[in-house]
Structure formats: structure tokens, C-alpha cells
Amino acid sequence: MLISIELFVMLVLANGVPVLAARLFGRRWSAPVDGGRLWRDGRPVLGRSKTWRGIVSGALACCLFAWITGIGVIFGLAFGLLGLAGDIISSFIKRRAGLASSARASGLDQIPEALLPMLLAWLWLDLGWFIVAVVVVLFTLSNILLSPVLYRLGIRHQPH
């Protein structure tokens, strides 16, 4: 049970720390991952909100948390990077569908960034499928329900 909570916290860190880093640092170190390039469809590959600062800050937060909890630094780093990779995949799909980076896509905005690292946890930590499913569903629902609250508090730029 404790591992489920720790993995949930790591998902929140991977996705929340980049938002806090953007608030803290503003435009500093905000180079977009896609370098501002456009895809064949003329739309951004990912968009300006996916930055190297976000990848580094989210992955390091997971790494630090995993070290503190004893899960392991390498696992934490890989977990964080996979969560952020899932977020990047979602952004790529949203851009191809013509959705703006601020557009809401329930499920697509949460599931890849939770499922990819949880698949790593399933393999690395020998978790059961039930734990993987519960953490992914919990992260998805909490993200959908809490994002509007964080927006009203001025922490997020969009209500989703």
C-alpha cells in the first residue's frame, strides 16, 4: 500500500514540479524541447510549454523523492523521465489533432504520463496489475478534479 502512495506522489512530482519551476524561474531556462520547430502539418511539434527546464526539474524531483524513500535514484530518474515522455507523447498527439497546448483532452492529458512510468514500476518493483491500474486511475481522476482548484489558486495557467 505504501508503495502505491509513493508512486502516486512521484507522478504528481513529475507533472507538478515543472509547473512550479515555470512559476519560479519565469522565462529562464525555458527552451522548448521541440526547438520551436513545426511538423509537416504546419503545427508545432510539441509547443512552447514543453521545456527542457520542465524535463530536468520533473525528473530530478522524482529522483530526489525516490532517494529519500529508498526506492532508488536510478528508478526515480527513469520513472520521472517516463512520466514526462508520456506528457510529451500526449502533446504531440494533441498538436496533430489540431488542439492548442491549453486545450483539454481528458484521459489523453493524464493516462500516458501515468501509465508509462507505472509500467516501469510494474516491471522494476514487481507490482501487480491491480496496483498499476489503481495508481493510474487515481492520478487521472485527481488531475481532472484538482486542476481547476489549482487554476483558481493561481498555480496553473489553465483550469485543466
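Colleague: In what order do the elements of the chain run from the N terminus on?

Modeller: This is a predicted model, in which local features need pLDDT of at least 70 and side-chain atom pairs count only at pLDDT 80 or more, while totals for chains, interfaces and linings use all residues. Residues are numbered from 1 along each chain as its sequence is written, and side-chain values use heavy atoms, with hydrogens and water left out. Helices (H or I, at least four residues) and strands (E, at least two) are DSSP runs numbered from the N terminus, and the chain has five helices and zero strands. From the N terminus on, the order is α-α-α-α-α.

Colleague: What radius of gyration does the chain have, and what would a compact globule with 160 residues have?

Modeller: The radius is taken over C-alpha atoms, and the globule rule is 2.2 Å times the number of residues to the power 0.38. Along the principal axes, the C-alpha atoms fill a box of roughly 45 × 35 × 30 Å. For 160 residues the rule gives a value near 15 Å, and the chain agrees with it, at 15 Å.

Colleague: Which residues is F79 in contact with, leaving aside its neighbours within four places in sequence?

Modeller: Contact means heavy atoms within 4.5 Å. F79 also belongs to one aromatic cluster with F75 and W124, where rings of Phe, Tyr and Trp (its six-membered ring) pair if their centres lie within 6.5 Å, and planes under 30 degrees apart count as stacked, over 60 as edge-to-face and the rest as tilted. Beyond those sequence neighbours, the partners of F79 are L7, M10, L11, C62, P117, M118, L120 and A121.

Colleague: Is D87 buried or exposed?

Modeller: D87 has its place in helix α3. Leaving aside its neighbours within four places in sequence, D87 is in contact with N15, K50 and E113. Because its relative accessibility is 17%, D87 counts as buried.

Colleague: What kind of aromatic pair do F25 and W29 form?

Modeller: A search of the whole structure finds five aromatic pairs. F25 is partly exposed, with a relative accessible area of 27%, whereas W29, at 59%, counts as exposed. The ring centres of F25 and W29 lie 4.9 Å apart with 75 degrees between the planes, and the pair is edge-to-face.

Colleague: What does α2 reach from its first C-alpha to its last?

Modeller: The expected span of a helix is 1.5 Å times one less than its number of residues. Among the buried residues of α2 are G54, I55, C62 and F65, and what covers the buried residues of this helix includes α1 and α3. With 18 residues, α2 is close to the 26 Å expected, since the helix reaches 26 Å.

Notes: Buried < 20%, exposed > 50% of the residue type's maximum accessible area, 1.4 Å probe, protein only.
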